[in-house]
Amino acid sequence: MDLFESLKAKITNRQFKIVFPEGTEPRIIGAAARLNADRLLKPILIGATNDIQQIAAAKGFNLDKIAIIDPQEYPAADFEKMVAAFVERRQGKVTPEQAQTILQDPNYFGTMMVYLNLADGMVSGAVHSTGDTVRPALQIIKTKPGVQRTSGAFIMQRGRDNERYLFSDCAININPNAQELAEIAVESAKTAELFDIDPKVALLSFSTLGSAQADEVTKVQEAAKIAHEIAPDLTIDGELQFDAAYVPVVANQKAPGSKVAGQATVFVFPELQSGNIGYKIAQRFGNFEAIGPILQGLNQPISDLSRGSNEEDVYKLAIITAAQALQN
């Protein structure tokens with residue numbers, strides 16, 4: 001089954017609420033209108049009500065039964081509860097007065113809605129930087145127990161045969177250490193399962209099972225050991241060169257006996273530079289569709305759009321975000 005048809009089937013009738021802090025952005029409004037019309041989820045748009053309605057009318061978008069919340073007009077009693085919860089969550093790092101100002105920021109407001117279970121997930125980033133989207137998530141939602149950092153994965157999909165892989169971390173961590181890399185590998189396997197990918201996880205390097213020696217190689221070897229300790233039931237191997245992980249003939253030569261080599265479906269890059277380059281090469285040279293980044297390791301789903309995204313990207317990432325809510 002097509003990836004998004006499968007995800008739609010999973011979330012239909014679940015009535016997940018997804019909040020969009022960039023409610024005055026036409027791409028967001030258009031995607032929200034489609035999601036609502038398709039009855040896939042309940043969108044919540046954040047922004048000035050009149051502005052959103054005027055833009056929707058000008059673009060011909062139907063906002064019937066779509067919730068619009070203007071933080072400036074939010075009921076005082078509810079806002080005070082949100083402020084108190086934010087101050088408590090920040091453990092004294094902000095005063096109530098500072099919190100009142102901070103929560104006027106739509107990303108902070110939307111993230112608090114998720115934290116308070118007023119929404120099941122959030123999608124932002126169409127006009128905000130990754131930092132603007134991720135920072136509130138790390139301060140409020142925070143990472144799951146046993147996970148030090150969030151990470152960003154891409155679903156790589158190509159062709160009618162639904163050839164599908166997962167690449168990570170391609171968005172967040174510049175140079176994760178062995179422990180962090182192991183956690184990324186385990187979280188990536190969980191993400192893969194959500195998207196109907198049988199996770200066979202390759203921790204990538206320029207070395208295959210000791211063929212080269214360097215600190216960079218040692219880090220990946222240690223990460224593989226830690227990953228096995230964290231999740232012994234998962235199929236994880238490393239360090240592997242990409243060709244050994246992907247090509248069966250090369251795998252037989254370089255890594256005979258490996259349960260991952262030659263059949264990997266999840267590719268974990270050793271640092272952000274190679275991950276970002278790798279997914280873009282696959283996207284541009286290999287004609288793969290790159291879906292993401294999908295933020296992993298958070299207690300509740302927060303998704304970061306590319307500022308170059310279009311309405312279709314917003315629509316798809318909202319579906320992914322709702323699907324992630326199934327894991328909570």
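This is a predicted model: local features need pLDDT of at least 70, side-chain atom pairs count only at pLDDT 80 or more; totals for chains, interfaces and linings use all residues.
Q: How far apart should the ends of helix α8 be, and what is found?
A: Helix α8 covers residues 178-194, 17 residues in all.

Q: How many residues of α8 are buried?
A: Buried means under 20% relative accessible area. In α8, 14 of the 17 residues are buried, so the helix is mostly covered by that cut-off. As a general point, an α-helix has 3.6 residues a turn, so residues three or four places apart point the same way.

Q: What is found at the start of α8, and what comes just after this helix?
A: At the start, a side-chain oxygen of Asn177 comes to within 3.1 Å of the backbone nitrogen of Gln179. Just after α8, Asp196 has a positive phi of about 60°.

Q: Which residue meets the side chain of Asp196 in a salt bridge?
A: A salt bridge here needs a side-chain nitrogen of Lys or Arg within 4 Å of a carboxyl oxygen of Asp or Glu. Asp196 meets Lys10, at 3.2 Å from N to O. Asp196 is in the loop between α8 and β7 (200-204), while Lys10 is in helix α1 (residues 3-11), so the pair ties together parts 186 residues apart in sequence. Asp196 counts as partly exposed at 43% relative accessibility, and Lys10 counts as partly exposed at 28%.

Q: What is the strand order in the open sheet of five strands?
A: The order is β3-β2-β1-β4-β11, and the pairing is parallel. The edge strands are β3 (67-69) and β11 (302-304); each has a single partner strand, so one side of each is left without a neighbour in the sheet. On average, neighbouring strands of this sheet are turned by 25° against each other, direction ignored.

Q: How many bridges join β4 and β11?
A: Strand β4 (residues 121-124) pairs with β11 in the parallel sense over three bridges. Val123 stands opposite Ser303 in β11.

Q: Which strands do helices α2 and α6 lie across?
A: Helix α2 (residues 26-37) lies across β1 (17-20) and β2 (42-46), and runs at about 155° to β2. Helix α6 (residues 106-115) lies across β1, β2, β3, β4 and β11, and runs at about 160° to β4.

Q: How many salt bridges does the rule count?
A: The count comes to 13 salt bridges. One of them joins the side chains of Glu25 and Arg27, at 2.8 Å from N to O.

Q: Are Glu25 and Arg27 buried or exposed?
A: Glu25 counts as buried at 16% relative accessibility. Arg27 is buried as well, with a relative accessible area of 18%.

Q: Which residue forms a salt bridge with Glu311?
A: Arg34 is the partner of Glu311, with the closest N and O atoms 3.9 Å apart. Glu311 lies in helix α13 (residues 311-324) and Arg34 in helix α2, so this pair ties together parts 277 residues apart in sequence. Glu311 counts as partly exposed at 25% relative accessibility, and Arg34 counts as partly exposed at 28%.

Q: Which residues are linked with Arg34 in a network of salt bridges?
A: The network links Arg34 with Glu289, Glu311, Glu312 and Lys316.

How values were computed. Residues are numbered from 1 along each chain as its sequence is written. Side-chain values use heavy atoms; hydrogens and water are left out. Helices (H or I, at least four residues) and strands (E, at least two) are DSSP runs, numbered from the N terminus. The expected span of a helix is 1.5 Å times one less than its number of residues. Buried means under 20% relative accessible area, exposed over 50%, partly exposed in between (1.4 Å probe, protein chains only). A polar contact is a pair of N or O atoms within 3.5 Å; within protein, one must be able to donate a hydrogen and the other to accept it, and residues adjacent in sequence count only if both atoms are side-chain atoms. Two strands pair if DSSP finds at least two bridges between them. Axes are lines fitted to C-alpha atoms, for helices over the stretch in contact, and angles run from 0 to 180 degrees between N-to-C directions. Contact means heavy atoms within 4.5 Å.
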